[in-house]
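The following paragraphs lead the reader through selected parts of a structure. Please keep the sequence and the model in view while reading.

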There are 2 protein chains.
Amino acid sequence: MGESMVGMKRSHRCTEVTAANIGQEVTVMGWVQKSRNKGGIIFVDLRDRSGILQLIFEESDCGEESFAKAEKLRSEFVIAVKGVVEARSGGVNENLATGAIEVRARQLRILSESETPPFPIEENSRTKEELRLKYRYLDLRRPDIQRNMMTRSRIAILTRQFLAEEGFLEIETPTLIGSTPEGARDYLVPSRVHPGSFYALPQSPQLFKQLLMCSGYDRYFQLARCYRDEDLRADRQPEFTQIDMELSFADVEDVLDVNERLLQRLFKEILNIDIPLPIQRMTWKEAMDRFGSDKPDMRFGMELKNVSQVVRDCEFAVFRDALDNGGSVRGINAEGQGGMPRKKIDALVELARGFGAKGLAYAAIQEDGTVKSSFSKFMKEEEMTALVAAMGAKAGDLLLFAADKDKVVYDVLGNLRLELARQQNLLKKDDFRFLWVTEFPLLEYSEEQGRFMAMHHPFTMPMEEDWPMIDTDPGAVRAKAYDIVLNGTELGGGSVRIHQADIQEKMLEVLGFTAEQAQEQFGFLLKAFQYGVPPHAGLAYGLDRVAMLMVGADSIRDVIAFPKVKDASCLMTEAPTPVDHKQLEELSIEIVKPEGQEGASFSS
Amino acid sequence: MGESMVGMKRSHRCTEVTAANIGQEVTVMGWVQKSRNKGGIIFVDLRDRSGILQLIFEESDCGEESFAKAEKLRSEFVIAVKGVVEARSGGVNENLATGAIEVRARQLRILSESETPPFPIEENSRTKEELRLKYRYLDLRRPDIQRNMMTRSRIAILTRQFLAEEGFLEIETPTLIGSTPEGARDYLVPSRVHPGSFYALPQSPQLFKQLLMCSGYDRYFQLARCYRDEDLRADRQPEFTQIDMELSFADVEDVLDVNERLLQRLFKEILNIDIPLPIQRMTWKEAMDRFGSDKPDMRFGMELKNVSQVVRDCEFAVFRDALDNGGSVRGINAEGQGGMPRKKIDALVELARGFGAKGLAYAAIQEDGTVKSSFSKFMKEEEMTALVAAMGAKAGDLLLFAADKDKVVYDVLGNLRLELARQQNLLKKDDFRFLWVTEFPLLEYSEEQGRFMAMHHPFTMPMEEDWPMIDTDPGAVRAKAYDIVLNGTELGGGSVRIHQADIQEKMLEVLGFTAEQAQEQFGFLLKAFQYGVPPHAGLAYGLDRVAMLMVGADSIRDVIAFPKVKDASCLMTEAPTPVDHKQLEELSIEIVKPEGQEGASFSS
């Protein structure tokens, strides 16, 4: 049932054996990728995390016993082989790092046998994800996933090394912390020692890292596990890892500087790609106006154009109404798409509706220069000509227009732009376009709550020049907040923090906190700020996303060893699970039926 | 209420300013350690994490406005100062890195004012820990704690760097995992999506790291947050960090080799101390026999001696009874302590009783060679002489004997030995004595459970040569398990794991698992092992303990930024806390009174 490896010592990983070792004896260990008997000679492809090495068994070399064992070998058996390296007899395999050599086996041990796996261990598996995640320990053997995990490991180690060189201290912050009254997405942990009390798992180390700045640690970082109990989207997990940092005596420039050098280092050392510095910067306002998004994908143009002035006097009610209601009319030019079939255009209209548009106006510029449009009957010819000119359109182009409140227009066109780029294959995974988006609004108005909310968080510093507007026009106040965007994905974000008690007080007031609420939620931070707090600023990346983009994966599940699925369960371990009643008793809690049957326990 | 730093940029940390900068303008920022006005000249000690720098304010240099501000400075104000470096006018201060220079201020900004702190920010604070932990953000400003945190950061970063160089991959494992029926010390996390189900926080990444070996990752490590819900002792925290690793195709030697090189590197780079390799090794049996402990402190001798044969025929009933009951008589020689006053000896007897001894026999060798002993009346003179000789005692020595079952004798003398060393100041904090303790018993018998339990865990590999005894004498089977011990503290431990299904099955049977129980608890691991598992072995350190010993602290709380106290609460944030009823409702749980009042809810 598996031999011992005692007395044998691995000398090389598979692809560490090279032509330089020809004639030498080596000891290799790994998994059987495949095994075939060709006229009394057994060929085995041995696999480990480094790659594949070919082994050859002939009874005259390895003896009767080892040969008999070799005949039994099947996929995923774990073996140890001692043998001699030689030039490959059957010709060089250019696809393998070790394609010019093979190891002629002298001795074989079967360390572990294997049943037939439920799916083949191979790159770019077509096995459906559910089955792969159930047998994640087998899925993780696939060379492509192994490369992902190795890259992620390098990202983490290089990041720490770089930040340490830059004077950052790695400091661990607690993960059993206090819950806050607004912590609706907190995971809670009942306390055994304090019946009726709970810890929360942190959504981020925000308060603790700001305290560390108060405590004089100057530059802090951590690869911090964070938790958020919310319905999972494609790129979310209940637990995720942040590259989290904070700097004292720092302003926006200092944070951006060190972080773009970090990104440059990572991309150079891992992908051998040069990221030219400085990374392009764009204010939030400009990003919205030009791309309809606060995380624009810079791999292609197709920018939004504001044509409100051009269509101001036209008869098209949709445009007029939008403008009359304080909105705008904007368009994008899908160059060369003038011949798009009606069915595809209809799909785009549907997409636009999904993002809140009442409709989508379009105009195709025919090869003869005439315009075929959904709204031409409402436009004078010179109006249409002016519109086409304003959009910079030429024969063969397709123009798409949204007319609504700015927020809706941005959302619709920003997403249409991405969809069109996808259709036209403009999104190359190996084209990395970074962007800093800066000067985010400090506040955003929540229709639901009927008040302003912090866009980033309540400790974000307003821009000095805008602060006087905080009472008269709070929505117009910009913040010293920034996001780093890569290919349309927000990799991370941060801000300069408020270090002045008077500004912090005012900010909490604007956010609708009573003094008591502020005290209850952030009391210890506000208290700490009374004892001398340095100006400080920080940033946090989603490590999962960074890794996903760097390896070119489509999902963060491909860069997480043991991910959870949409309902926050683990298909391999079946967590979460029911627990013993005794355990709950110790925690002074019991289970209640969720639907209006409070008090009824079914934990007995 | 705090000026902005906009327009100023720090040029140096305090002690980065050196004599080489004399004549240059620098901009420094930090906390006011102290400030004094001496005849119209204001001297300020500025503090940051690097140390102290002296600033000088004279109105003729810095102008009226800055001078007026300088007059207001008090301890813990945060300031930014632009000034010129000059040789110190008042003579060199040898105690400071910057003692030969000072900065003559030209410009001052008060970035943040401070109230008077509740205790002074100074090294080796005598403030009681409770107050310090309540204001941890101030306590963390103390230079000694800051040095601790910086050392811990270096340990973490160097460890990762070393392990990465050795081919280890850093892989994150989940912390929202399944609870196991025996997980009595698990922290539980209720699931919102799956009412009535719970995650557990991991006590270690054990199963996941073994799965990673199954998946071919070859060498894994992680600085992993782990959790244990148990009553806290001095050196425990509800959450703690393990340096966790696992190696494939590895036996005991491979693990010990890489780890002693890791320790050597850490001690050299951080403390500039050479740890000679190989580190001494000792079997568990030898450690118990010679030191009465499985984690012997090797900084001093005072070894146990088994004198059972010597006293076999004496009349002393205590000795006789112990031997007749299958126990032993052992002693230690407290050299030079023959003159210990009776009161101190009585305290030792009390200590021995605390560890289960019925009493403690002692014998002091007088300067004239006569023996003053608590049991001399039961001994013939030649018997006593033989005993003294067997103990290698000379005039002035004190002999202490325990007679009982081996387990009790070891415990009593092992602890007495430590107490005597403490009394004699033999435990130097800067004397680092490492030891590998190997060949631990595979099983230990639990009187409470009436069965054998795994001493390490159920996946620990037995030693090949002992395995045949598993049915006839299970208690005698040794394991391929090892601990790394430093100065009497277990820094870490690990084992070679079972990779053979037949041995694993037998092991679980011996431990009293039914097939169903095994399936329920480790099902996915046992399943994974059916698909080809490499021989593997691992080890985990307590990072908190490593850091504590390296910085010479007495408590792990001194190397944890935000520690919890004995009742698992945080004095600064007051976590854990009650939460909103609405939050519990979403989690389908409610609070019950702990004492037999099940079902009564007081969460409404």
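In chain A, helix 4 (residues 143-165) packs with helix 6 (residues 252-271) at an angle of about 140°, their axes lying 10 Å apart. Helix 4 of chain A is therefore oblique to helix 6 of chain A; angles under 35 degrees count as roughly parallel, over 145 as roughly antiparallel, 65 to 115 as roughly perpendicular and the rest as oblique. Axes are lines fitted to C-alpha atoms, for helices over the stretch in contact, and angles run from 0 to 180 degrees between N-to-C directions. Helices (H or I, at least four residues) and strands (E, at least two) are DSSP runs numbered from the N terminus.

The residues in contact (heavy atoms within 4.5 Å) include Ile155(A), Leu158(A) and Phe162(A) of helix 4 of chain A, and Leu262(A), Leu266(A) and Ile270(A) of helix 6 of chain A. By class, the residues of this contact divide into seven nonpolar, two polar and five charged.

The model is predicted: local features need pLDDT of at least 70, side-chain atom pairs count only at pLDDT 80 or more, and totals for chains, interfaces and linings use all residues. Residues are numbered from 1 along each chain as its sequence is written, chains are lettered from A and ligands numbered from 1 in the order in which they are written, and side-chain values use heavy atoms, with hydrogens and water left out.

In chain B, the axes of helix 4 (residues 143-165) and helix 15 (residues 543-551) come within 10 Å and cross at roughly 125°. This angle makes helix 4 of chain B oblique to helix 15 of chain B. Among the residues that meet here are Thr151(B) and Ile155(B) in helix 4 of chain B, and Ala547(B) and Met550(B) in helix 15 of chain B.

Arg557(A) is placed in the loop between helix 15 (543-551) and helix 16 (581-586) of chain A. Arg557(A) is buried, with a relative accessible area of 17%; buried means under 20%, exposed over 50% and partly exposed in between (1.4 Å probe, protein chains only). The side chain of Arg557(A) is joined to that of Glu129(A) by a polar contact of 2.6 Å.

Ser114(A) lies in the loop between strand 5 (101-112) and helix 2 (129-134) of chain A. Ser114(A) is buried, its relative accessible area being 6%. Its side chain reaches the backbone oxygen of Tyr531(B) at 3.5 Å.

How values were computed:
Nonpolar A, V, L, I, M, F, W, Y, C, P; charged D, E, K, R; others polar. Polar contact = N/O pair within 3.5 Å; in protein donor to acceptor, adjacent residues only side chain to side chain.
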